[in-house]
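Biologist: I am new to this one. Please walk me through it, question by question.

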Amino acid sequence: MAKTEGQKLQEKLCYQMKNIGMERPEEMEKAQSFCEGYKTFLDNAKIEREAVRYTKKLAEDAGYTPFSRGKRYKTGEKVYYDNRGKNIILTTFGKKPLLEGLHFNIAHIDSPRLDLKPNPLYEKEEISFFKTHYYGGIKKYQWGVTPLALHGRIMLKNGEAVDLNLGENPGDPVFVVSDLLPHLSQEQNQRKLSEGLKGEELNVILGSTPIPDKEVKEVFKLKVLSILNEKYGIVEEDFLRAELTFVPAQHAVDVGLDCSMVGSYGQDDKVCAYTALMAELEAKKPEYTTVTVLVDKEEIGSEGVSGMASDMLLHYVEDLVEAEGVRARDVLRNSMCLSADVNAAFDPTFPDVFEKANASFMNKGPVLTKYTGSRGKSGSNDASAETMYKVIKYMEDDDVMWQIGELGKVDLGGGGTIAKFIADMDVDTVDLGVAVLSMHAPFEITSKLDVYYTYKAFKAFNK
Ligand code: MN
Ligand code: MN
């Protein structure tokens, strides 16, 4: 049937975001296979330290060498810089001189979790516990009765580092925060949801057997210490120097009968970290020199020496451009950055918090987010029209399906990313990343097509 005038006009003038599964069903196979590597990454990168270690291994296998200050690198050469084992920067030297600008792609490798307090160990009524202090924005009630694994590092008095990873391997015990049975929850049920479990109730169960000696007090706590001492050679004092954390013990799995989604802890923002990393590793001779940065501390405001509020990236750029005899500020001014972070996927069960025309959806590709922030865009980078033009052109020249979106309804909340910190360095920046369901929950969900297409977008940017 011939198209009506109205139909033709609509085709010419109106815009609609499209579902990749509908337009390009043949892509699913590639997305499936790409996400196998992604799931392995998730399981090996639950905390930033592990993400750096795993990334470094992949980088070295791909021919990266540690960055050497003052050395003149050739097009296609690859270097990395490991910042204190907590964040990592990877570079592939491009065809253009550094003065013409760098292409930054920055994702974060920290995720919300339950950190141990500095003096964490206690016993109460013949059960031993760790006291925790949550890290990042969590809905606390979600962290009860879910199996947890213990990760992190302890510095011994003699300066030796001991890395812990307990609860991940077959045969490992897991740990858990208890919750009340429904039969006795009448009072708890009256609490606000945000206090379903309170911060001081996020106590992790460690053991229930004593050192059988009636002459000694706190024998349940002592039993835990004796096991830890046997296993890791640590004493209670060592907790004071430690950086330990509980994360969900569950491994990354497929979700849905069609296996079209990935379910896992920590996809915010390891999904952008992995896709950015793969695009970086595969960059051969890019036009612009790439600077792929996996950062820490985003979930608590990008603070600290391994977060984006620190000068660590500025210092890296200063060192990087030194050999070409140009000034970092001239390079930065000509540079561009993708702030690779997730957005909230539209959830049909909770439609009221989204404004549908400006929400991001699963399976419509990476979300380009012009601005984040809350209320009147407070805390946002708010990319310019010119920056939007450039990024959209990179994607469309490479036939990458993508979508536009903002985080929920205007007055309902909001959030920030690292975008404003790199913009503060005088770099044109915009947010681009995957839409996630149940963001910040112990089990987050992404679409495999979106993961694959985000990688394709980053590849286009690194071309
Ligand atoms: Mn994030
Ligand atoms: Mn987050």
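**Metal site, strand and cavities**

Modeller: Asp268 bridges the manganese ion (ligand 2) and the manganese ion (ligand 1), which lie 3.3 Å apart. This is a predicted model, where local features need pLDDT of at least 70, side-chain atom pairs count only at pLDDT 80 or more, and totals for chains, interfaces and linings use all residues. Residues are numbered from 1 along each chain as its sequence is written, chains are lettered from A and ligands numbered from 1 in the order in which they are written, and side-chain values use heavy atoms, with hydrogens and water left out.

Biologist: Which protein donors hold the manganese ion (ligand 2)?

Modeller: Donors are N, O and S atoms within 2.8 Å of the metal (3.2 Å for Na, K and Ca); water is not among the atoms, so sites may look incomplete. Here the donors lie 2.1 to 2.6 Å from the ion. They are Asp268 (OD), Glu299 (OE), Glu299 (OE) and His440 (NE2).

Biologist: How many residues apart are Glu299 and His440?

Modeller: Helices (H or I, at least four residues) and strands (E, at least two) are DSSP runs, numbered from the N terminus. Glu299 sits in the loop between E14 and helix H7 (312-322). His440 sits in the loop between strand E22 (435-436) and strand E23 (444-447). The pair links distant parts of the chain, 141 residues apart.

Biologist: Is Glu299 buried or exposed?

Modeller: Buried means under 20% relative accessible area, exposed over 50%, partly exposed in between (1.4 Å probe, protein chains only). Glu299 has 12% relative accessibility, so it counts as buried.

Biologist: What coordinates the manganese ion (ligand 1)?

Modeller: The distances run from 2.1 to 2.6 Å. In sequence the donor residues are spaced H-x159-D-x72-D. The donors are His108 (NE2), Asp268 (OD), Asp341 (OD) and Asp341 (OD).

Biologist: What relative accessible area does His108 have?

Modeller: His108 is buried. Asp268 is buried too, at 3%. For His108 the value is 1%.

Biologist: How many residues of strand E3 are buried?

Modeller: Look at both faces of E3. Asn87, Ile89 and Thr91 are buried on one side, and Ile88, Leu90 and Thr92 on the other. E3 (residues 87-92) is largely enclosed by the rest of the structure, because the buried count is six of six.

Biologist: What volume does the largest cavity have?

Modeller: On a 1 Å grid over the protein atoms alone, a cavity is a set of points where a 1.4 Å probe fits but cannot get out; lining residues have an atom within 4 Å of a point. Grid points are joined across faces, edges and corners, and a volume is the space filled by probe spheres set on the points. The structure holds three cavities of 30 Å³ or more. The largest is about 70 Å³.

Biologist: Which element gives the largest share of its lining?

Modeller: The lining includes Glu243, Leu244 and Thr245. Helix H4 (48-61), strand E5 (113-124) and strand E11 (242-248) each give two or more residues. The largest share, three residues, comes from E11.

Terms used: 1 Å grid on protein atoms, 1.4 Å probe; cavity = no way out; pocket = protein on both sides within 12 Å on 5 of 7 lines; lining within 4 Å.
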